[in-house]
Amino acid sequence: MFELLFKYPASLFAKGQFVFLAGWPPWALGICLVLAAAVLAYPLWKARQQHAETLGGMRPAGIWILQTLLVTVLLFILWHPALSVATLRPQQNIVAVVVDDSKSMSFQEAGGTRRDQVVQALNSGVLKNLEKKFQVRLYRAGASLERIEKPEQLTASAPSTNLGESLKQVAGEASSLPVGAVVLLSDGSDNAGGLDLATINEIRRQRIPVHTVGFGREKLAHDIEISGADLPARTLADSRVSAIVTLHQNGYSGRKARITVKDGAKTLATQEVTLKADGIEQTESLAFNAGSAGARNVQISIDPQAGEENLTNNAVNRLIAVEGAKPRVLYIEGEPRWEFKFIRRAIDLDRSLLMSTMLRTTQNKIYRQGGSASENVDGFPAKVEELFGYQGLIIGSVEANYFTTTQQELIRQFVDRRGGGVLFLGGRFALSEGGVGKSPLADLVPTVLPEKKDTFHRDPANVELTGAGRDSLLCRIEDNPDRNVERWKKLPYLANFQEVGTPKPGAVVLAEMSSGGRGKLPLLVTQNYGRGRAALFATAGSWRWQMTQPLGDNSHEMFWQQMLRWLVSGTYGHVVASIPKSVFSDETKIHLRAEVRDKAYLPSTDARVEARIMGPSGTAESVELRPEPTSEGVYVADWTAEKPGSYVVEVLAKRGDDEVGRDVITFRREDGVAENFHIQQNRELLEKLSSQTGGKYYEPSQIGRLSDEISYSEAGITSRETRDLWDMPILFLFALMLRSSEWLLRRKWGVV
Amino acid sequence: MRLRITLSAVLVTLFMWSGLFAFQRGRRGGFREYDEPLVTPADAGEKTEWAFARLKYPSPRYWNWTTDYPKADRQFVQGVRRLTRLHTRSVEQVVDVDTDEIYNWPWVYAVEVGRWDLTDPQCQRVRDYLLRGGFLMVDDFHGTQEWEVFMASMSRIFPDRPIVELENKDQIFHVLYDLDERFQVPGTAALYRGLTYEKDGVSPRWRAIMDDKGRVMVAICHNMDLGDSWEHADNPRYPEKYTSLGYRIGINYIIYSMTH
């Protein structure tokens, strides 16, 4: 219809430049219009005075407007309007036809695969029509671009799609060849990096329009897909780990489905979920025990539903490095307390943690437990190498001034620089009672402590999780989130509690307590501080959870084990190696990063850092990491992992012959798996690509128009053409309509 | 008229007597060993971390659990307060083995257990209490016959756990004071007879029942009377060396129970 009225397709108007060919200046058109309007107005004004009964009110103005518009159309035509447009010169330009040849194109739809639909579309005359005007180069795109002679060579078997890389290669060819346009036929399912801004900018710089033709349904009628699974890259042995699973579905809204986490044949966790509305992202959390030390390949899956169209997107794999190292925690307690005993007993049951304790039994005696015989014999550590040997620190009912100024600063540095975790407990000499609020330690406390005394009360307090606490793994004493909340509600009351003021900005309150008429008070608060973390547990009365609950109830042990694991979870050694993710799907480039710190945990800039990489089938390789110029103590290297499989990377840092430290990380490479996900057409991506490059998105049924519309391009070898607009049917229809309207109005008002 | 006055007097007397009885049971559980007026310290109502929890248990003679009570308890607590940083209450807490109140007191003291006679539910409660982390110190029973009576109930609490002799190197003798050199702490009755032992309990025995981790759950002070050493700390006729050792053992047991 548009073309019928306006003579040319809309794309021409979008690309063309509007011009007047009459040779008269455009401002003259404006003057003529003003004069014409004035000339038309005068007789109407005179007529109104003579025929006031028929031309009263706004009638003359209506007629004047219609006449003026008609004159405008006529003057516009006289000025000879036209479009100036760049057009590809016939047979002098190359059109790159890029076809997505990845596995997702083999998906069966409407009686055939997407690949079949593409072949059929290209062979239905599209290629021939293009070849009449241009030199056509046919490519298939997988992880990279490959030229083919005919559509039948498409196999839809490439393990991945990297549209960005393919378009980059086309843009590269365009620098030496007259590429006038790119036609991309795809389902838009890019799973190897996506289209970055640099690629799009490069194509735009060369003014190459990318026309996209989208294949595949935009929504599967019946499908459940696990679209994401977040797990920690590393954890301690026997730790409770949370898998955050994201899924969406179509066609099964309201149904029950079971999510399962498995390590090989062993089920680690399972949870039944109710599926949300179609297309809505749904997030579920499953907690499980990481088990013994070693690399753990965890599969997260959701049970298939009846009639599901794609079963290959119901499971994902993730790798977790379960560390065998036993972090050390130092617990200093200022007075004999039941809390001390029961925390010790809870941690005694944890094989992955080592806790050394110092208890002030009398004014001048300290009873030490755990650790070596020589550990802290002179009292609380006063040197970096003594305190920084721990990963976590618990400060019980201890006055701030029990620590020297040096020790207070050391504790602060332990968290800030070392990246350790510190936990403050409530107590008779703790926090406000012990003057912590007025000491350098106050920075570490996640609340603004009250300045008053008498904040510690030996009165019962009931506990309750906050919203953040429900989601936190630290508070997870039961795998199932709902049952966990219920279990917290049923916990016996605390034997005592402490008022700890208001949480600082950035602090997170995980649990609250209530006692008498005091309302809700913060019980468990956490915050990040520097490289480390700090927590506050405003009671010394959680021991009742152990003593007053039935034998076999493990709430108390679970809570304290989780608490201490959280405390040490992000406290690493002198070398911290990392990679962007633990599973690389169809990606071979691995960016290794290592943060190296010296004995005092200051960034080490003069280390020699090497990565020893053990690949699948026992292959080994060494890679030297180079210092990152912009980050002190950071070393990086890029490496290519050719083979799919599991990799173990040991990063070793040395200064001279002295070893600074080492770290081990694992990752997994897999090919062809990502293509099973996001199987529906990503129309949004294709439309975005075409609109940002000056191209157009086509549905397969519109592909016939491609050969005509593709001609208008600024890229390649072009000539500028002008297309007359004065004879557009719309102008004549408009003029006729104006004249007819005036005549009808005059007839109606009797002023013919 | 006379009958009415007599009846009223009897009722008033009964009412007052029952009120006094109820008051004593509330904090102190009932009978006392001594008749001297009981002075309640000003800070008796203080809420503290620890209190001397005295186990009230059944026995053929009802009052066995009250031996040395409450003077021993209160004098011992004064020592605990003075010698440690433990926040303690000046008065004792009577804990009835028939109630779940025992779970709020992770350290309990039972005296003259050579005469206790626990029922099966009581045995079950004490077993639960100990396995959850509670600590029981038993004292002041002597000789073979009282040991057998003690074991008659204890073997129903823990049929499967052996009684072990505590060695000098055990932490319970070093947690605060080093107690490698221990001797028999006699009760006054034996001492006044010129002896340090009662019945055939010639040799003092420091014994225990351990949990699965090798921690002492039940500390058994057999053939000794630590209670008397606390009670008679202010008695010029009672030798200081016994009181001193009695205090040290008691304090070590408390600190041990709060650290293990």
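**View 1. Where chain B meets chain A.** In this predicted model, 21 residues of chain B are in contact with 23 residues of chain A; two residues are in contact if their C-beta atoms, placed from the backbone, lie within 7 Å. On the chain B side, helix α3 (residues 120-132) gives the most, with 3 residues. Sorted by class, that side of chain B has 9 nonpolar, 6 polar and 6 charged residues. Here Ala, Val, Leu, Ile, Met, Phe, Trp, Tyr, Cys and Pro count as nonpolar, Asp, Glu, Lys and Arg as charged, and the others, Gly among them, as polar.

**View 2. Chain B as a whole.** Chain B comes to 7 helices and 7 strands; helices (H or I, at least four residues) and strands (E, at least two) are DSSP runs, numbered from the N terminus. Among contacts in chain B between residues at least 6 apart in sequence, 76% join residues at least 24 apart.

**View 3. B:R127 and its contacts.** Look for B:R127 in helix α3 of chain B. B:R127 counts as partly exposed because it has 18 C-beta neighbours inside 10 Å. Leaving aside neighbours within four places in sequence, B:R127 is in contact with B:I157 and B:F158. B:F158 is 31 residues away along the chain, and its C-alpha atom is separated from that of B:R127 by 6.8 Å.

View 4. Strands β34 (residues 608-614) and β35 (residues 620-627) of chain A run antiparallel and are joined by 6 bridges; strands pair if DSSP finds at least two bridges between them. A:V609 has A:L625 of β35(A) as its bridge partner. The β34(A)-β35(A) hairpin has 5 residues between its strands, and A:S617 in the turn has a positive phi of about 55 degrees. β35(A) is also joined by 2 bridges to antiparallel strand β36 (residues 634-640) of chain A, where A:R626 stands opposite A:V636. This hairpin has 6 residues between the strands, and A:G633 takes a positive phi near 80 degrees.

**View 5. An open sheet in chain A.** In chain A, 3 strands form an open sheet in the order β10-β12-β15, with antiparallel pairing. The edge strands, each pairing on one side only, are β10 (223-230) and β15 (282-289) of chain A. On average, neighbouring strands of this sheet are turned by 30 degrees against each other, direction ignored; axes are lines fitted to C-alpha atoms, for helices over the stretch in contact, and angles run from 0 to 180 degrees between N-to-C directions. β10(A) and strand β12 (residues 240-250) of chain A pair over 7 bridges, and A:D223 has A:N250 of β12(A) as its bridge partner.

Methods: Residues are numbered from 1 along each chain as its sequence is written. Chains are lettered from A and ligands numbered from 1 in the order in which they are written. This is a predicted model: local features need pLDDT of at least 70, side-chain atom pairs count only at pLDDT 80 or more; totals for chains, interfaces and linings use all residues. A residue is buried if 20 or more other C-beta atoms lie within 10 Å of its own, exposed if 12 or fewer, and partly exposed in between; C-beta atoms are placed from the backbone.
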